[in-house]
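This report looks at rings, a helix and a loop residue. Keep the sequence and the model side by side while reading.

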Amino acid sequence: MKKTWWKESVVYQIYPRSFMDSNGDGIGDIPGIISKLDYLQLLGVHVVWLCPVYESPNDDNGYDISNYQNIMDEFGTLEDWEQLLDGLHQRGMKLIMDLVVNHSSDEHAWFVESRKSKENAYRDYYIWRPGQEDREPNDWSSFFSGSAWQLDETTGEYYLHLFSKKQPDLNWENPTVREEVYKMMTWWLDKGIDGFRMDVINLISKDPQLPNAREETPQLGTGDPGDIFPYHFGGKYFVNGPRVHEYLQEMNAKVLSKYDIMTVGEAINVTPEDGALYVGEDRNELNMVFHFELMRVDAGKGGKWDIRPWELPEIKAIISKWQTLLHNKGWNSNYMNNHDQPRMVSRFGNDTRYRKESAKMLGTLLHTLQGTPYIYQGEEIGMTNIRMPSIDDYQDIETVNMYNEYTQAGIDKNKVMESIYIKSRDNARTPMQWDDSEHAGFTTGKPWLPVNPNHDKINVAEALNDQDSIFYYYQKLIALRGEHEIIVYGDYRLLLPDDEQIFAYMRSYEGAQLLVVLNFCDQNVHFRLEDEVHYEQHQLLISNYEVDDQQDIRQLSLQPYEARVYLLK
């Protein structure tokens, strides 16, 4: 297995709008991020992934880009951004940027030209089609509800938008579009960035016939891009499309291979077998992908908003499948929350009585699997989901569209709000909680999204003052990866696949073994290590409770949400 810096790194994701506001306008910005670089260095992370800061009308919080080579006014200037890059590099950290090239904003110069006439030189930069008998060109639906087609009055034709109607899809069949994208990527790489996180990258190739999806069964509420396509009408014609690997190999040959960088692609509806095609070390595409299988574990037949209780054996099966099938072929990315997902301690842990214990336990899982761990801002202090009083308090376009669609279909408002409390993307987007002051130290103005009321107890200042905090536990997890190659490169073997309370596994590397035991419930449980595991001595590397290092590890009594990691020799 090839050793590289990005396999050994821990990545910290920043959602700039909600991280730190420097000028009191209620919106996080780049100077705000710069003011917190020492905090990130103290945590010990190696790479910062910055969500989009490009010029944008902000229809989808910056994922609708109107100028790929400039910075959004609200976030600062290109000079501020250069200062951020320098500040990270001076502290030994790297920066990866979001790459959003499945679509642009409808305010991008290319689209402004493209819609002017059917003969315009930029027309073929996007996917335009005439209607069929006064209807859309086909029956595909948008991930954000409604049709994936928008009629444009100027030419009387429709353009494709898999997301918001202000996010027209780029036409990757056009080689000029691809060259423009590669030129822009090269521009950023030459500025010194260390890689890209690629937004919905496996949607860039569409079936050129754009066939109807009538044989699929549409369901109310298509869910988010992570939802598998029976919940999404048309998905099989644009997910993992016919030329996607050709495009990524071309991108790699023309751009990525020329730099020592890391790449991670957001890949909707991929299996581990698909994943191996995107990240296979011999295939020259990407380093890793974000898959959504784990993020769908609590989705019922109706998709993301149809919530069912998750079960631990399912979680173990998904993680184990990816760990095993990619081993020695490609590399995993390990995450349980991000800017599009609810807070992991609320979803997979216990965000009340055992918030600290369960947050540490979940962190232990993510940092002891094979693959690169991703920390989403606030995860390291155990930030939780929020229950905002009214739909009017929510800003996320996906959430608001779903609420309108469901309530208009006659579904009870209270039931819809319960789904929103559990799954809305705004759960992750509330401002970072720096201290217990009025707006959590995030801003001196009115925050763009309400601050979670629990910031008086859950905040960075409190965590830094508490030696037993989640923050210091994460600091230790990150340090352990640097001290023990087995945590990074060891293989993986699941123990107790059917146990509904314990997640336990072994990692092996160069004669050593690592034993990870995690209690996923709020009761005391008993763990017994199988007789086949042989060792002469054991060393406790980390645990989230005080434990006796000398006790017999073949029989362990675990407290609620307890985590233990042992090195066996």
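## Aromatic pairs

Rings of Phe, Tyr and Trp (its six-membered ring) are paired if their centres lie within 6.5 Å; planes under 30 degrees apart are stacked, over 60 edge-to-face, and the rest tilted. By this rule there are 34 aromatic pairs. One of them is Phe-290 with Tyr-374, edge-to-face at 4.8 Å centre to centre and 75 degrees between the planes. This pair links distant parts of the chain, since Phe-290 is in strand E11 and Tyr-374 in strand E15, 84 residues apart. Strands (E, at least two residues) and helices (H or I, at least four) are DSSP runs numbered from the N terminus.

The model is predicted: local features need pLDDT of at least 70, side-chain atom pairs count only at pLDDT 80 or more, and totals for chains, interfaces and linings use all residues. Residues are numbered from 1 along each chain as its sequence is written, and side-chain values use heavy atoms, without hydrogens and water.

## Helix H10

Helix H10 covers residues 355–368. Among the buried residues are Arg-355, Gly-363 and Thr-368.

## Asp-466

Asp-466 is in the loop between helix H14 and helix H15. Asp-466 is buried, with a relative accessible area of 18%. Leaving aside neighbours within four places in sequence, Asp-466 is in contact (heavy atoms within 4.5 Å) with Lys-356 and Tyr-472.

Technical notes. The expected span of a helix is 1.5 Å times one less than its number of residues. Buried means under 20% relative accessible area, exposed over 50%, partly exposed in between (1.4 Å probe, protein chains only).
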